[in-house]
Amino acid sequence: MTRANLTKEPQVKRYGLYINGSWSDPDTGIWFDTQNPYTGEAWAKIAQGNAADVDRAVAAAKAAFEGVWGTMKPTERGKLLVRLAELIERDAARLGGLEVCDNGKLIAEMGAQTKYMAEWYRYYGGLADKIEGAVIPTDKPNILNFTRYEPLGVVALITPWNSPLLLLAWKLAAALAAGNTTVIKPSEFTSVSTLEFMSLFAEAGFPPGVVNVVTGFGLEAGAPLVAHRDVEKVAFTGSDIAGQKIYEAAARKIMPVTLELGGKSPNIVFANANFEAAIMGAISGIFAASGQTCIAGSRLLVQRSIHDKFVARLVEVAGAAKIGDPMSTETNVGPITTRPQFQKVLDYIDIAKDEGATCVLGGKPYTGKGAQGGQFIEPTIFTGVTNDMRIAQEEVFGPILSVIPFEDEAEAIEIGNDIDFGLAAGVWTSDIGCALRMSERLRAGTVWVNTYRAVSFTSPFGGYKRSGEGRESGKDAIKEFLQVKSVWIAHETTPQNPFIIR
């Protein structure tokens with residue numbers, strides 16, 4: 001068995017909070033265990049932060065914003081981000097290994113993610129000094145009017161457990177390039193990689209207080225962070241239900257948010273598609289990362305004329321997937337990250353069967369060779385699914401695929417859009433006209449044609465409907481962390497009637 005060459009971490013390490021460039025104990029004096037999903041064993045202890053810790057972190061971030069970071073020129077900030085990117089590339093294998101221990105996803109994927117995330121910091125490092133205002137040709141005489149973009153202040157970044165560092169990069173790189181300071185709240189299930197990542201900021205030369213981390217649980221640490229009077233924005237990735245609560249809390253403060261939430265994405269296969277490429281795209285869309293990704297193509301729409309042939313081949317290929325140790329480069333499917341999520345996926349399998357769907361592959365926990373920790377679920381495929389079933393409408397976040405037949409483009413569009421989510425969609429066809437029509441009519445923030453799960457630091461990402469608010473990545477995303485100011489200067493002054501707006 002081939003295994004990645006990774007430096008072994010201490011068996012159990014206790015992590016404090018990272019505030020103002022140093023480590024500190026939590027106000028509670030409590031640490032909780034975090035489990036390795038593959039072994040089921042505790043492998044690190046995480047500080048249980050609370051509102052008092054949030055106050056300290058926000059105060060440190062505010063002081064940095066009003067101090068050295070706030071006076072630093074954009075070019076200087078950009079150079080620090082580029083230096084950070086170099087350090088990430090150096091430590092990518094180590095960080096990827098930590099993520100596997102934390103979330104159980106494959107080293108082949110997590111190692112690639114931690115290396116690729118350097119590009120976000122490099123990209124926004126280059127963009128930091130290229131955000132320009134404009135001189136506005138107003139209708140007012142003797143007036144110079146121009147705009148400038150300014151940072152918001154302290155921003156809260158709340159990240160999920162499925163890809164902690166990559167999804168942090170989507171937020172943090174742009175926030176720092178824009179000139180903000182930050183307080184990060186990682187998932188309580190996967191905090192280690194974020195905490196280990198913090199050492200690189202000091203090495204890169206970032207001033208203390210620019211980046212802070214408060215770990216802990218949502219109600220005790222996350223909620224006080226969102227509600228804090230000195231937090232000017234929240235960027236969150238997670239479920240639509242949690243995102244809604246954050247949106248409601250932000251509304252009470254009239255505070256901007258970026259929300260990257262759930263999905264129930266249609267992956268649509270037409271009869272004229274490259275058959276084998278579509279098979280691999282369907283499998284990648286749902287079984288990669290054990291389905292634990294917001295962009296999972298969990299609704300597979302297959303044109304009726306090829307439905308049976310396509311499903312047969314799909315079962316053949318997915319059924320041969322190797323399940324087991326996520327640290328092995330030969331493994332195709334790893335464990336479910338958390339115990340509650342494992343039970344949720346099993347519950348949805350029962351729901352699908354009760355609704356009348358037919359399970360043609362999997363449908364139960366995997367306990368065979370290579371299984372440890374008790375959190376594996378076989379790749380599962382359901383046919384006979386109609387789009388009104390819960391298995392087709394609700395996000396499962398697991399290796400569960402619902403196959404739905406369709407007749408033509410019109411029906412594919414109708415089924416694809418008949419959902420509360422709108423994060424992504426896939427289209428498989430050899431007809432460029434069909435590809436363009438589908439990409440125009442599908443209500444999703446990202447539409448892939450003859451590929452799936454492609455993302456880049458250069459391209460905006462975000463959702464329609466309950467899949468989110470705002471965009472991450474790409475050049476426009478930096479403006480999510482800026483506010484525009486209009487400046488008016490009268491260069492020839494004459495007395496005016498003070499009671500009239502001119």
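Of the 502 residues of the chain, 55% are buried, a class defined by a relative accessible area under 20%, with exposed meaning over 50% and partly exposed in between (1.4 Å probe, protein chains only). The model is a predicted one, in which local features require pLDDT of at least 70 and side-chain atom pairs pLDDT 80 or more, whereas totals for chains, interfaces and linings use all residues. Residues are numbered from 1 along each chain as its sequence is written, and side-chain values rest on heavy atoms, without hydrogens and water.

The secondary structure comprises 15 helices and 23 strands, taken as DSSP runs (helices H or I, at least four residues; strands E, at least two) and numbered from the N terminus. The radius of gyration, 24 Å, is close to the 23 Å given by the globule rule for 502 residues, so the chain is as compact as a globular protein of that length; the radius is taken over C-alpha atoms, and the rule is 2.2 Å times the number of residues to the power 0.38. Along the principal axes, the C-alpha atoms fill a box of roughly 80 × 55 × 40 Å. Among contacts (heavy atoms within 4.5 Å) between residues at least 6 apart in sequence, 74% join residues at least 24 apart.

Helix α5 (residues 118-127) has A118, W120, Y121, Y124, G125 and L127 buried. The cover over these buried residues includes α3 (74-103), α4 (107-116), α6 (164-177) and α7 (192-204).

Two of these covering helices, α6 and α7, pack at an angle of about 40°, with their axes 11 Å apart. Axes are lines fitted to C-alpha atoms, for helices over the stretch in contact, and angles run from 0 to 180 degrees between N-to-C directions. Helices α6 and α7 are therefore oblique to each other, given that angles under 35 degrees count as roughly parallel, over 145 as roughly antiparallel, 65 to 115 as roughly perpendicular and the rest as oblique. Their crossing is right-handed, the near helix being turned clockwise from the far one by less than a right angle. P164, L165, L168, L172 and L176 of α6 meet S193, T194, F197 and F201 of α7.

Helices α10 (residues 275-287) and α11 (residues 307-319) pack at about 55°, with axes 10 Å apart, which makes α10 oblique to α11. The crossing of α10 and α11 is right-handed. From α10, F275, E276, A278, I279, M280, A282, I283 and F287 meet K309, F310, R313, L314, V317 and A318 of α11.
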